[in-house]
Amino acid sequence: MSSKRKPIRTAMGYSTPDRIVVRGFDLPGELLGHINLGDMAFLEMMGRIPTSQESVLFNALAVTLVEHGLTPSALAARLTYAGAPESIQGAVAAGLGGLGTVFVGTTEGSAKLLQEAIPDPKNPGDLDALAQKIVADWHARKAILPGIGHPLHKPIDPRTPRLFAIAREQGFDGPYIALMERVAAEAARVYGKVLPINATGAIGACCSELGIAWTACRGIGVLARAVGLVGHIMEEMHSPIAREIWTRAEDEARDHALGTHSDS
C-alpha cells in the first residue's frame, strides 16, 4: 500500500533565477551589508532579525566560544588536516565532532537544566528552593552539574561575569541567570569547594533568557567553534605542529612499551 505523501515545506529560503530569499528577506537587497554573521545566525535559528539588545548578547555568546587554545577539538582538526590537507572541511568536521557533554556542548545541558526547572520564566517560583532541589538531585546521583566548575578557571571563570554583565546591560537580567547563580552557590556549599559558573553555564543561562530552546544551544557552540577551527587550520598551514604532536606521542608510547621511557 502506498502511504500518503507528506508535503515538503521549508521556511528557511528559496531561489529563483533572479532572487535568493532567506527567511523571507531578499539576500542581496536586505541582508548583505545590513546584517552581521551573529545576527544572521539568530535569524536562521529564530526566524527573525534580533533586536539591538538581543544582537549584542547573542553575538557575545558566539564570540565567547570561538577560541580556547589547543583543546581536543582543535587538536582533532589539526591532526586531521595533517593527514588530509586537501579537505579543510573534513578537518573542521573532525573538530566539531568532539563538541559534546564535556566540551562546548554543555551549553545544552545547562540550558536544559534551567528550562526544565523554570518552564515559564514569568512564574519562576522559589529560586532558592529550586537550586537546593537541583543540587540535591545531581549530588545524590553523583552526576556532574552542567555549567558548574572548571579545571583551569578558579575561583572565577572570567568569561562568566562579563557575559552576565552584558545580559543585564541589555535587559536580560531574568530568572534563569538568577537560578544559575543560586545553583553555583548551593553546589559550592554542598560539595564543599569552589565551583564557579563556567562559560557554558553562563551561555546556557543567557540563551534561556533569550528564549532559545535548550535543544538549539549546542548549535551556537558549533557555529562559533567552526570559526575558531578554521583559524587553527590556517595556522597549521603556516606554522604546523600536528606532526610534532603525533611523532612525540608515538615516540613516548613506544618508549614506554620498550621500557625506556622515564616518567620523571
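Which residues is Leu 145 in contact with, leaving aside its neighbours within four places in sequence? They are Leu 113, Ile 134, Val 135, Trp 138, Val 183, Ala 187 and Tyr 191, where contact means heavy atoms within 4.5 Å. The views below come from a predicted model, in which local features need pLDDT of at least 70 and side-chain atom pairs count only at pLDDT 80 or more, while totals for chains, interfaces and linings use all residues. Residues are numbered from 1 along each chain as its sequence is written, and side-chain values use heavy atoms, with hydrogens and water left out.

View 1. Three strands form an open sheet in the order 1-2-3, with antiparallel pairing. Strands are DSSP runs of E with at least two residues, and helices are runs of H or I with at least four, numbered from the N terminus; two strands pair if DSSP finds at least two bridges between them. Strand 1 and strand 3 (25–26) stand at the edges with a single partner strand each, so one side of each has no neighbour in the sheet.

**View 2. The two hairpins.** Strand 1 (residues 13–16) and strand 2 (residues 19–22) are joined by four bridges, and the hairpin between them passes through two residues. Thr 16 stands opposite Arg 19, and Ser 15 has Ile 20 as its bridge partner. Strand 2 pairs with strand 3 over two bridges, again antiparallel; here Val 21 has Asp 26 as its bridge partner. This second hairpin also has two residues between its strands, and Arg 23 in the turn has a positive phi of about 50°.

**View 3. Helix 7 and its ends.** Helix 7 (residues 127–140) has 14 residues and reaches 20 Å from its first C-alpha to its last, close to the 20 Å expected at 1.5 Å a residue; the expected span is 1.5 Å times one less than the number of residues. At the N-terminal end, Asp 126 is the cap, with a side-chain oxygen 3.1 Å from the backbone nitrogen of Asp 128. Lys 142, which follows the helix, has a positive phi near 55°.

**View 4. The nonpolar cores.** A nonpolar core is a set of buried Ala, Val, Leu, Ile, Met, Phe, Trp, Tyr and Cys residues joined through side-chain atoms within 4.5 Å. Of the 47 residues in the largest one, Leu 57, Leu 61, Leu 145, Ile 148, Leu 179 and Val 183 touch the most other members. Helix 9 supplies the largest share of this core, eight residues. Apart from it lies another core of eight residues, among them Ala 74, Ala 77, Ala 91 and Ala 226.

Conventions:
Polar contact = N/O pair within 3.5 Å; in protein donor to acceptor, adjacent residues only side chain to side chain. Buried < 20%, exposed > 50% of the residue type's maximum accessible area, 1.4 Å probe, protein only.
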